[in-house]
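Please work through the following exercises with the structure in view. Each task is followed by a worked solution.

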Amino acid sequence: MKKTLTLLIAFTLFTLQIPLWAQQISDLEKSVRDLQRENGFQHSSISVCVYNVTKGKPVYSYNSQLSLSPASVNKLFTTGVGFARLGSDFRFTTKIALRGTIDREGVLHGNIYLTGGGDPLLGSYRYRQTSPDTLFDSWTRALKKKGVRRVDGRICFNTNIFDDQPLHNTWQWGDVGNYYGAGVSGLNFHENMYFVYFNAGAKLGYPVSVARMQPKNINVQGFSEVTTGAENSGDNVIIYGSPTTAERIYRGTIPLGKTDFAVRGAMPNPARHCADLFASYLRTHGISISSNSIQIYTQPDSLRSVLDYYSSDYYTIAQYTNLTSNNVYAESIFKYLGYAKYGKGTFANGSKAVMDYFREKHLEASGVNIVDGSGLSRSNRVTTDFLCRYLQAMAREPFFANYHRSLAKVGENGTARNLLPNLPAGISVRLKTGTMDGVKSYAGYIDAANGDRLAFAIIVNGYDCTSRAASDRLNGILYKIATLY
C-alpha cells in the first residue's frame with residue numbers, strides 16, 4: 001500500500017510539472033510576441049533562442065534563424081576563440097632592441113628598435129603598472145643596464161605584426177574619432193586614446209573651452225564647437241577625425257557648471273606617439289637622443305635584445321574585454337588571431353581564424369558573418385540559434401571555466417551590474433551585452449534553480465524607442481528565461 005501511494009504521489013507531481021513548464025514557455029512566448037507589437041518595436045527584428053547546455057537540447061526559439069547585427073555580443077566569439085587558440089596564460093610581447101656600438105662614454109652609435117606585438121594594455125592609464133611613466137621607466141632602466149647614456153641616432157618603431165588599416169572600412173565616421181572607435185596598431189599605446197578636458201561656459205549655450213589634454217605633449221590639434229548643456233546632462237561630445245591626422249573637431253555639449261570635464265578621444269597614430277613620448281621621457285631621465293623617431297617596415301639583422309616586455313595574461317585581458325566591452329582590446333585579440341594563424345594581423349585574417357574555429361567544431365554557420373572583433377561594424381551578422389550552439393560548444397572546452405568567469409555577472413560587475421535586480425536566489429546569470437543605435441543584444445549563460453545550465457541569446461535590430469526603454473523590455477524577457485526552471 002505504501003509503495004502504491006509513493007508511486008501515485010510521484011506520478012501526480014510529474015503530471016503537474018508538465019502544464020507548469022508549458023505555462024512558463026507560453027508566458028515567455030507571449031512576452032516576446034507582445035514586445036513585437038509594442039510601439040517602438042513594431043518594425044523591428046526580434047530574435048530569441050534558449051538551449052539547455054546540461055541536457056544538450058533546444059528549449060525555446062523565436063525567429064532564431066534571423067541573421068542580425070549583434071553589436072558587442074560579437075566579443076563572445078573573439079574572446080572565446082582567443083582562449084582556444086592562444087590560451088589563458090598567453091602574453092603579448094613588445095620588444096626593445098639595439099643596433100650599433102656603445103663607446104666608453106655610453107654613446108650608442110646607432111638606433112633603438114621598438115617592435116610592437118599587438119599588446120592592447122601597453123601604456124594603459126588604467127593601472128599603475130601599465131601607465132606610460134611606469135612603462136617608460138622600465139624601458140629606460142633596461143637601456144641604462146646595457147650602458148646607454150646617449151643615443152647618436154633615433155627610435156625606430158615597427159608595427160608590422162598588424163597591417164596599417166586600424167579601422168574597418170564599414171565603421172561609421174561618427175564613431176572613429178571617439179575612444180570606442182580608435183582601432184588598433186601593431187604598437188598600441190595608452191589604449192589608443194587620449195583625454196581632452198573641457199570647462200563649461202557661464203550660461204546655457206555658451207561656448208566651452210579646452211583646458212588640457214592627457215597624455216602630456218600629445219600631438220592633437222583640437223577645434224572645439226562644444227557648447228554648454230543643461231546641468232547633469234552628461235557627456236554629449238562627439239569627436240571627429242582620421243586616425244592618421246592630428247586634427248580633431250569636438251561637437252556637442254557638456255553640463256553647466258563643470259570644469260576639467262574629461263572626454264575620451266581616439267589617439268591619432270598611437271605607435272608614433274609611443275615612440276615620440278618615449279624619446280621625450282629618455283631626454284628628461286638621463287639619456288639624450290639626437291634624432292626624431294621613424295617608422296620602419298623591415299627589421300634589420302644583428303639586433304641586440306634589451307628587453308622583452310610582456311603584457312598581462314590573456315585571461316585578464318579577455319575578462320576586461322568582456323566586462324567593459326573595450327573595443328581596442330577586442331580588435332587586438334582579433335587581429336592577433338589572424339597573425340597567429342596566417343602570419344599577418346588583418347581584419348580579413350582575424351575573420352578567417354574565427355570562422356575556422358566554427359568549422360573545426362562542426363558549427364553550421366549559415367547566416368553568420370564576422371568581420372571585426374568588437375562588433376562595431378554593422379556588417380557583422382549572426383543568428384541567435386548559432387549563438388546558443390556556439391555557447392554550448394564553449395561549455396565543452398577545457399578552458400570554459402575561465403571563459404565563463406570572464407563574462408559579467410548579473411547584479412555584480414561589468415555591463416550586467418544593474419540587470420535583473422529582483423532575480424530569485426539560486427539563479428546565476430553571466431552574459432555579454434551589446435548596444436548600438438537601434439541594436440540591443442544579450443547572450444550568455446544561466447545557471448538555473450534546478451541545477452541545469454542554459455545558453456541564451458536575445459537580439460533586437462531596428463527598434464525606434466529609447467535605448468533605456470529597449471533595455472527595460474529585454475530585461476523582462478531575460479527574467480522569464482532565467483526563471484524557466
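**Exercise 1.** Determine over which ring the charged end of arginine 264 sits.

*Solution.* The model is a predicted one. A charge counts as sitting over a ring only if, among other conditions, CZ of Arg is within 6 Å of the ring centre. The charged end of arginine 264 is 3.8 Å from the centre of the tyrosine 179 ring and sits over that ring. Likewise, the charged end of arginine 212 sits over the ring of tyrosine 197, at 3.7 Å from its centre.

**Exercise 2.** Classify the aromatic pair formed by phenylalanine 77 and tyrosine 390, and state which helices it ties together.

*Solution.* The structure has 28 aromatic pairs. In this one, the ring centres of phenylalanine 77 and tyrosine 390 are 4.9 Å apart with 70° between the planes. Planes over 60 degrees apart count as edge-to-face, so the pair of phenylalanine 77 and tyrosine 390 is edge-to-face. Phenylalanine 77 belongs to helix α2 and tyrosine 390 to helix α9, so the pair ties together parts that are 313 residues apart in sequence. Phenylalanine 77 is buried, with a relative accessible area of 0%, and tyrosine 390 is buried with a relative accessible area of 0%.

**Exercise 3.** Name the residues that ring pairs link into a cluster with Trp139.

*Solution.* Ring pairs link Trp139 with Phe136, Phe189, Phe278, Tyr281 and Tyr309 in a cluster.

Methods:
Residues numbered from 1 in each chain as written. Predicted model: local features only at pLDDT ≥ 70, side-chain atom pairs only at ≥ 80, totals over all residues. Heavy atoms only, no water. Phe/Tyr/Trp six-rings, centres within 6.5 Å; stacked < 30°, edge-to-face > 60°. Helix = DSSP H or I, 4+ residues; strand = E, 2+ residues; numbered from the N terminus. Buried < 20%, exposed > 50% of the residue type's maximum accessible area, 1.4 Å probe, protein only. Lys NZ or Arg CZ within 6 Å of the ring centre and 35° of its normal.
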